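Have the sequence and the 3D view side by side as you read.

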Amino acid sequence: MTSPPDRPPQESTPATRIRWLLRSGLAGAAAPVIAGYFVFQFLCVAVGVVVLGGDGHVVNGEIRTYGLSHGILLYVGVTLSALIAAHVAAVVIVVLIAAGLLLERPVTAGSAARTAARRTPALAGAVPLVGLVLLAVPLLGAGGFLLTLRVWPGVFGCVAGGMLSCWAVLALPLVVLDGAGPVRALARAWTLTRHRRTRWSWTALISVLVVPGAIAAGGWWAVWPLTGEAHAVAVRVTVAAAASPAVLLQGAALAVLTLSQWYADVPVRRERRRPLDLGAAAERLRTGGRGAAGPGRTAVLLALATAAPALFHWAVLRADPYDWVMVSDHVVEHAVGRDVLLLPGRGDPAVLVPRRGSGFDLRACDDPACRRSRLAEHVPYVEDRVDAAALPGGSLVVAGWQYGDRRVGPSRERPLLLRLIACTARGCPDMRAAPTTLRASRHGLAASVAVAASGARTVVAVAVPLTDEDANGGASTLRIMRCAHLPCGDPAVLVSLPVPQATGVADKPLALALGRSGRPVAAYEDLDTGELIVVGCREASCRRHRAASLVPRRGLTSEQKDDAHAGRKAGFWAGNAYPDGVEVAVPADDRPVIAYRDILTGAATLLRCRTPACAAADATVLSPPGRAQQAPALALGPDGLPLVAVHDLTDSSVVLIACRDAGCIRRDRVRIGTYTDIPGPMDLAVGRDGRPRILWIGRSAGRAGNEPHLTTCRRARCAPGGAAFRTNR
């Protein structure tokens, strides 16, 4: 058995005496204290899970709340106070154990705990007094930062504040070692450090704050590469593992500084300014009880206590006692406009990011949850309205508008050219070298495009003025075309009919989907009157088709026009995109469903066609009204029923609506995220794994601006169940 190291003399430095304590069995003697501290933390977490109940959700493996209710605020306040008290109690008990080693009067953890318990009222009064003195640290740090707006002056301010105030922490050990009350202990700490205050404050700052903080930061850095549940569990293990040396080091340092007999070589005239009386301090230490546990038992006890919070967190996530919503949420790159979420048949998600006036970016995710993304390609010289769809084999078809190089016609303007290219996660070919699919007028703000793919079949729909005369206040042409291969220079025109112009920047007035046997179904919204036109083909060749107005044209009053303009303006400033848009999908029964934003109320609305031809439809309102409401996003779930992503402006949340029938009369409503201020556009897609992925733009709490979040649900409907609710149509 290794003998303990020789006791350092009284005149040795505090660092030497602290090292001696840590090597002389302090950890074994204090193991029950640290284990009890961890058990208390575990109980606080368990109580928090019960308090949160069904109001919680899990994001990236972390349990979160949607909002701060009165019960949660009360729990947070009580728990923080209890954790601070428990930490102070653990440190004070370790101080007593360390003092026993220094004074050759061994104290067990039980005896030290009983001594600290008897001094509880005095300790409770001393803690706020010490906290008031330590306010100098954050105040000087914040002042240094605010005066210069730089980090280093703030750091220097914190150090200066610590040098001026850290002597006050000696009041806590003086309560138990000197038998002082709160005020007398703080005054005794001031006189005890006379002529050595700077040195003692520096030692306290390093040992009580800096070194434990560095240990915690190092552990946090070590687990940073982990993600999801692994990161959440590792963080809890790291916090518990860092708390053990922190409590030991803080207790040892405070004991050494309080009992130190070194004093500056200056005349001391008053007895109360002399060092602490070691004999009287030793008499206050109560001995007896069982000795310290052996090294093996100590290691097992600390390991179990350290792992308990992480094991409990893992068990709660696995058992899911409250049917929590579980998602991963990661921020991806964003510029301006309406992003498009793409899920290739093979590979990880991709995001099409329009950049106003400079083309678009194709960003490829490195994993299914898109924890990290990379720029696969930047395609320049493309107008704002672009669209894309997944192709077999993991490739993507991208349709966009580019201006031609040559000026033509009487106006000598450059025409607008539609081009289609096939991209992969490795990049895109040069779009300017691709053949022209369609030549249109120069009026780019009125050019819309939508693309859909089924197998090797690619269908593209456009709504654009084809001539300069049409661009000057005339009609647009809705044209549906089929491409046999990519790039597409000779498309087969399936449908061509006039529709009202829809002028905008990054709204989405046109949507396209393929139904049974690959028949195209297009939906087009007139952004000025709110008219919604659906064009449905009866077969893939579209020899027979029908156009129906499901939402009639409405004559808007001046007040209604102002409301619509205010909504578009709000959407513009939030996400640099107008909020209006339309989506279409075709379930297995071949009766299309259309989701759109009502231009008058802003409410997200779902239309369910009564027949495959869609001559008439039934409407279901899915969200509250609001000017800042963005257009909903629509996709079909693994069960073939609609999934709709909307904003709920009443509680500033992003909601996934999982329909229990094709008309969404019965539905589950799942909150997957929250935001502040005005939200931006969103998109929705369902992968081969059946999990919905929602790309939404919003400002998170504490962030400076809007960010695009890619939220991936853990389950197919984003929630394991829950009662559906009925609403009137």
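1. Ground rules. This is a predicted model, so to speak of local features a pLDDT of at least 70 is needed, side-chain atom pairs count only at pLDDT 80 or more, and totals for chains, interfaces and linings use all residues. Residues are numbered from 1 along each chain as its sequence is written, and side-chain values use heavy atoms, with hydrogens and water left out.

2. The overall picture. The protein chain has 15 helices and 31 strands; these are DSSP runs numbered from the N terminus, with helices (H or I) of at least four residues and strands (E) of at least two. Of its 729 residues, 53% count as buried. Buried here means under 20% relative accessible area, exposed means over 50%, and partly exposed is in between (1.4 Å probe, protein chains only). Contacts are heavy atoms within 4.5 Å. Among contacts with a separation of 6 or more, 58% come from residues 24 or more positions apart.

3. H10 against H11. Two packed helices are described by the angle between their axes and the distance between the axes. For H10 (residues 197-223) and H11 (residues 228-259), the angle is about 165° and the axes are 9 Å apart. The axes are lines fitted to C-alpha atoms, for helices over the stretch in contact, and angles run from 0 to 180 degrees between N-to-C directions. H10 and H11 are therefore roughly antiparallel, a label for angles over 145 degrees; under 35 counts as roughly parallel, 65 to 115 as roughly perpendicular and the rest as oblique. The crossing of H10 and H11 is right-handed, that is, the near helix is turned clockwise from the far one by less than a right angle, with anticlockwise being left-handed.

4. What sits between H10 and H11? On the H10 side the contact residues include Trp200, Val208, Ile215 and Trp220, and on the H11 side they include His231, Thr238, Leu249 and Leu257. The residues of this contact divide into 18 nonpolar, six polar and no charged. Nonpolar covers Ala, Val, Leu, Ile, Met, Phe, Trp, Tyr, Cys and Pro, charged covers Asp, Glu, Lys and Arg, and the others, Gly among them, are polar.

5. H6 against H7. H6 (residues 136-148) and H7 (residues 151-165) pack at about 155°, with their axes 7 Å apart. That makes H6 roughly antiparallel to H7, and the crossing of H6 and H7 is right-handed. Glycines take part on both sides, including Gly141 and Gly144 of H6 and Gly154, Gly157, Gly161 and Gly162 of H7.

6. H9 and its cover. In H9 (residues 182-192), the buried residues are Ala185, Leu186, Arg188, Ala189, Thr191 and Leu192. Covering them are, among others, H5 (120-134), H8 (171-177) and H11.

7. Salt bridges around Arg717. A salt bridge is a side-chain nitrogen of Lys or Arg within 4 Å of a carboxyl oxygen of Asp or Glu, and the count comes to 19. Arg717 pairs with Asp639, the closest N and O atoms being 3.3 Å apart. This pair links distant parts of the chain: Arg717 is in the loop between E30 (707-713) and E31 (725-726), and Asp639 is in the loop between E24 (633-636) and E25, 78 residues apart. Asp639 is partly exposed at 44%. Asp639 and Arg717 also belong to a network of salt bridges with Arg660 and Asp668.

8. Which aspartates does Arg669 bridge to? Asp648 is one, at 2.1 Å from N to O. Arg669 lies in E27 (residues 666-674) and Asp648 in E25, so the pair ties together parts 21 residues apart in sequence. Arg669 is partly exposed at 36%, while Asp648 is buried at 7%. Asp651 also meets Arg669, at 3.8 Å.

9. A closer look at Asp651. Asp651 sits in the loop between E25 (642-648) and E26 (653-659) and is partly exposed at 29% relative accessibility. Not counting residues up to four places away in sequence, Asp651 touches Arg669 and Arg671. Find Gly67 too: Asp651 and Gly67 are 584 residues apart in sequence and 9.1 Å apart in space, C-alpha to C-alpha.
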